[in-house]
Amino acid sequence: MRHSDKPSFRERLHAQKPMLGTFLKSPGVQSVEILGDVGFDFAVIDAEHAPWDRRDIDLAILAGRSQTMPILVRVEGTADILNALDCGATGVMVPHVSDPQIARDVVAACRYQGGARGFSNSPRAGQYGALSLGDHLKKSDDSVVVIAMLEDGKALDHAAEIAEVEGIDAFFLGRGDLTVAMGETSTQAETVQRAIGIFVEAVKAAGKPLCAFVGKTSEIPALQKLGVSMFILSSEQGLLRQAASAELSQFQSL
């Protein structure tokens with residue numbers, strides 16, 4: 001199969017093929033190159049909770065391209081979407097999408113046709129001016145992935161409406177934030193599990209993919225039974241800690 005014949009990340013996401021990625025917490029390119037070389041399906045720059053600036057994001061996306069590994073960006077909010085997409089991000093994850101209007105605003109910020117994305121074909125996304133206006137619009141609108149994060153108690157009252165918003169490609173179950181919002185200390189709390197069930201049923205009814213964070217791969221089978229197909233395993237920092245701790249324990253047992 002020629003590289004050009006391979007399904008895009010968006011196509012694989014919509015087909016709900018199982019995919020494994022991780023969060024990127026430490027600005028830099030080496031971790032991105034290693035993860036791509038290992039064969040991860042994607043990585044997500046965590047610009048919401050980690051110290052990433054635009055230059056760091058730009059370089060990490062370039063590193064991802066060197067390994068043909070899609071790079072998404074978890075932005076702080078809608079205002080940060082344009083920078084990520086202009087740098088050539090495969091897509092964005094947007095936190096706290098708690099009502100249908102926020103979901104529509106997110107889509108508008110990501111799309112040219114029928115949306116409100118500011119135009120420029122001069123950055124990497126436009127191949128530094130190589131793409132014509134029309135080609136850039138079509139390529140971007142066909143390929144950019146939009147993932148909304150369901151993680152607020154308020155969103156429970158609008159779950160079905162949010163899930164139906166056209167242009168949202170997938171939904172991330174933000175179980176951590178949801179747990180805190182509901183005054184609990186465990187994602188396994190009964191109230192949290194009921195809330196997750198509401199989100200899952202709404203997204204499945206809309207026929208859209210589900211994404212979730214896992215601390216370890218042993219958590220994946222239970223989530224697959226819920227219909228989750230896209231998994232974010234820990235982070236490069238978490239994977240480093242796990243590997244280092246395991247090797248240290250092994251050394252201490254010698």
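**Reading the terms of this model**

Modeller: Lysine 17 is placed in the loop between H1 and E1. Helices (H or I, at least four residues) and strands (E, at least two) are DSSP runs, numbered from the N terminus. This is a predicted model, in which local features need pLDDT of at least 70 and side-chain atom pairs count only at pLDDT 80 or more, while totals for chains, interfaces and linings use all residues. Residues are numbered from 1 along each chain as its sequence is written, and side-chain values use heavy atoms, with hydrogens and water left out.

Colleague: Which residues are in contact with lysine 17, leaving aside its neighbours within four places in sequence?

Modeller: Contact means heavy atoms within 4.5 Å. With that sequence neighbourhood set aside, Arg12 and Ser229 are in contact with lysine 17. Lysine 17 and serine 229 are 212 residues apart in sequence, yet their C-alpha atoms are 6.2 Å apart in space.

Colleague: Why is phenylalanine 9 called buried?

Modeller: Buried means under 20% relative accessible area, exposed over 50%, and partly exposed in between (1.4 Å probe, protein chains only). Phenylalanine 9 has a relative accessible area of 5%, so it is buried. Phenylalanine 42, at 0%, is buried too.

Colleague: What makes the pair of phenylalanine 9 and phenylalanine 42 edge-to-face?

Modeller: The structure holds 3 aromatic pairs. Rings of Phe, Tyr and Trp (its six-membered ring) pair if their centres lie within 6.5 Å; planes under 30 degrees apart count as stacked, over 60 as edge-to-face and the rest as tilted. For phenylalanine 9 and phenylalanine 42 the ring centres are 5.7 Å apart and the planes stand at 65°, so the pair is edge-to-face. Phenylalanine 9 belongs to helix H1 and phenylalanine 42 to strand E2 (residues 42-46), so the pair ties together parts that are 33 residues apart in sequence.

Colleague: How do you know that the pair of phenylalanine 23 and phenylalanine 213 is stacked?

Modeller: The centres of these rings are 6.2 Å apart and their planes lie at 25°, so the pair is stacked. This pair links distant parts of the chain, with phenylalanine 23 in strand E1 and phenylalanine 213 in strand E7 (residues 210-214), 190 residues apart. Phenylalanine 23 is buried at a relative accessible area of 4%, whereas phenylalanine 213, at 33%, counts as partly exposed.

Colleague: How do you know that the buried residues of H2 line one face of the helix?

Modeller: The buried residues of helix H2 (residues 30-38) are Val32, Leu35 and Gly36. Seen down the axis of H2, they fall within an arc of 100°, so they line one face of the helix. The arc is that of the directions from the helix axis to the C-beta atoms. The face turned away from the buried side of H2 carries the exposed residues Gln30, Ile34, Asp37 and Val38. Strand E1 (19-24), helix H3 (54-66), strand E3 (71-74) and helix H11 (236-252) pack against the buried residues of H2.

Colleague: What makes the buried residues of H6 a single face?

Modeller: In helix H6 (residues 133-143) the buried residues are His136, Leu137, Ser140 and Asp141. Their directions fall within an arc of 115° seen down the axis of H6, so they line one face of the helix. Helix H1 (9-14) and helix H5 (100-110) are among the elements that cover these residues.

Colleague: Why is phenylalanine 199 called buried?

Modeller: Phenylalanine 199 has a relative accessible area of 1%, so it is buried. Phenylalanine 199 lies in helix H9 (residues 190-205). Not counting residues up to four places away in sequence, phenylalanine 199 touches Leu150, Asp152, Ala155, Leu156, Ala159, Leu173 and Leu178. Phenylalanine 199 and alanine 159 are 40 residues apart in sequence, with 6.0 Å between their C-alpha atoms.
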